[in-house]
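Reader: I would like to learn how to read a model like this one. Please take me through it feature by feature.

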Amino acid sequence: MTITKKAASVSPIANTKVYGSPEPVLTGTLAGFLEADAVTASYSRTAGETVLGGPYTISAVLSPTG
């Protein structure tokens with residue numbers, strides 16, 4: 001028997017922020033993971049960016065990483 005990898009992905013959800021307002025809650029969608037994997041994601045963006053440089057990347061860090 002051969003066991004192959006299962007495709008899994010994380011997709012940060014695009015968000016909008018009005019200049020000068022608090023940071024919105026960043027979220028995303030995990031797909032293809034099993035509940036037993038207990039995978040979670042933390043989402044962030046680099047703080048201190050200006051209106052002129054947008055749009056900005058939302059990053060995701062998965063835990064556990066393996």
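Reader: What radius of gyration does the protein have, and what would a compact globule of 66 residues have?

Author: This is a predicted model. The radius is taken over C-alpha atoms. The protein has 16 Å, whereas a compact globule of 66 residues would have a value near 11 Å. Along the principal axes, the C-alpha atoms fill a box of roughly 55 × 20 × 15 Å.

Reader: How many helices and strands are there in the protein?

Author: There are 0 helices and 4 strands. Along the sequence, the pattern reads β-β-β-β.

Reader: What share of the 66 residues is buried?

Author: Buried means under 20% relative accessible area. In the protein, 6% of the 66 residues are buried.

Reader: What share of the contacts joins residues at least 24 apart?

Author: Take contacts between residues at least 6 apart in sequence. Of these, 36% join residues at least 24 apart.

Reader: Which residues does a cis peptide bond join?

Author: Ser63 and Pro64, with omega at about -5 degrees. Pro64 is in the segment after strand E4 (59–63).

Reader: Which residue has a positive phi although it is not a glycine?

Author: Ala38, with phi at about 50 degrees. Ala38 lies in the loop between strand E2 (28–31) and strand E3 (40–44).

Reader: Which residue lies over the face of Tyr56?

Author: Arg45 does, at 6.0 Å from the ring centre. Ring-ring pairs are another matter: rings pair if their centres lie within 6.5 Å. The count of aromatic pairs is 0.

Key: Residues numbered from 1 in each chain as written. Predicted model: local features only at pLDDT ≥ 70, side-chain atom pairs only at ≥ 80, totals over all residues. Heavy atoms only, no water. Phe/Tyr/Trp six-rings, centres within 6.5 Å; stacked < 30°, edge-to-face > 60°. Lys NZ or Arg CZ within 6 Å of the ring centre and 35° of its normal. Helix = DSSP H or I, 4+ residues; strand = E, 2+ residues; numbered from the N terminus. Rg over C-alpha atoms; globule rule 2.2 N^0.38 Å. Buried < 20%, exposed > 50% of the residue type's maximum accessible area, 1.4 Å probe, protein only. Contact = heavy atoms within 4.5 Å.
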